[in-house]
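Morning, everyone. Please look at the structure on the screen, and I'll walk you through two places in it.

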Amino acid sequence: TTTTTTTTSVQSATRRKGRYATEDSWLDQQLRKAGSWLDSLGKDVQSINNDAMETIAGGYPGRKKIGTVVRTAARKYDRQASMPSSARYTTRKDSFPVVQVSKEGIVDDYNHYRTLALKSTPDRAVSILTTDAMRYVQSLYPTSNNGDLGENLLVDGITFNEIRVGEQYRIGDSVVVTVTEPIEPCANLCKLPYINDPSLAPKDRISRCKAFIEALDAKDGLRGWYAKVIEPGTIRVGDELGPFQEGG
């Protein structure tokens, strides 16, 4: 059932984005790759369910909910490089072994759209990406790297589709976050060098940009998840991310 669902989802995405498929067959190839990868992931998730792993907080029986933070990242405001219109702009965030977390988000991290358009909404204080989603990106673009999608936390051991809006997680000893929404891919990602490749003609860069966005939009969570900070503190590489219960 899970395999059928994932395949149908990607096929639906292909139909939904059909105007690009006729314009650029490259997208068809990427969505087929996405479908194959999601099918494989679906089998893994079904296997987990069949093994009837322990019921954990949040009411989802059989789902593995413990992860490990393998990368923490932030990017300070830079007057010359933090504007999307700048030639130096990038979505990529720099890696640090430790980050401090306040109610406003990762200390010394800047997101232009969140700050100006959304008035620093607390609902997008932290961005989380799972390693399976990053492997998906790397299967499409082998030169892509961790951090390219602008995630604050890269987490291993939990899959992108195991995360749910409204769930709370404890990270490390003290930080607690609530997942608020899946991240939607935007055109700023197209500034990454393997998308905005200077060796390509402008129309080919545009086609590649569209294809990248559509591939990340195939399933909620492939682009990552936003979270609100409930309890601030410190997050280190190697910290555990697990379900949180009041009084637990």
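Start with Cys 190. Cys 190 sits in a loop, with strand S8 (175-182) on one side and helix H6 (202-216) on the other. Helices and strands here are DSSP runs, numbered from the N terminus: at least four residues of H or I for a helix, at least two of E for a strand.

A word on the source. This is a predicted model, where local features need pLDDT of at least 70, side-chain atom pairs count only at pLDDT 80 or more, and totals for chains, interfaces and linings use all residues. Residues are numbered from 1 along each chain as its sequence is written, and side-chain values use heavy atoms, without hydrogens and water.

Is Cys 190 buried or exposed? Buried, because its relative accessibility is 11%. The cut-off for buried is under 20% relative accessible area, with a 1.4 Å probe and protein chains only.

What does Cys 190 touch, leaving aside neighbours within four places in sequence? Ile 195, Asn 196, Cys 209 and Ile 213. Contact means heavy atoms within 4.5 Å. Arg 208 is 18 residues away along the chain, and its C-alpha lies 8.2 Å from that of Cys 190.

Now helix H5, residues 131-140. Seven of its ten residues are buried, so H5 is largely enclosed by the rest of the structure. Among them are Met 134, Tyr 136 and Leu 140.

Thr 131 is buried, at 12% relative accessible area. Beyond its neighbours within four places in sequence, Thr 131 contacts Val 70, Leu 154, Val 155 and Asp 156.

Technical notes. Buried means under 20% relative accessible area, exposed over 50%, partly exposed in between (1.4 Å probe, protein chains only).
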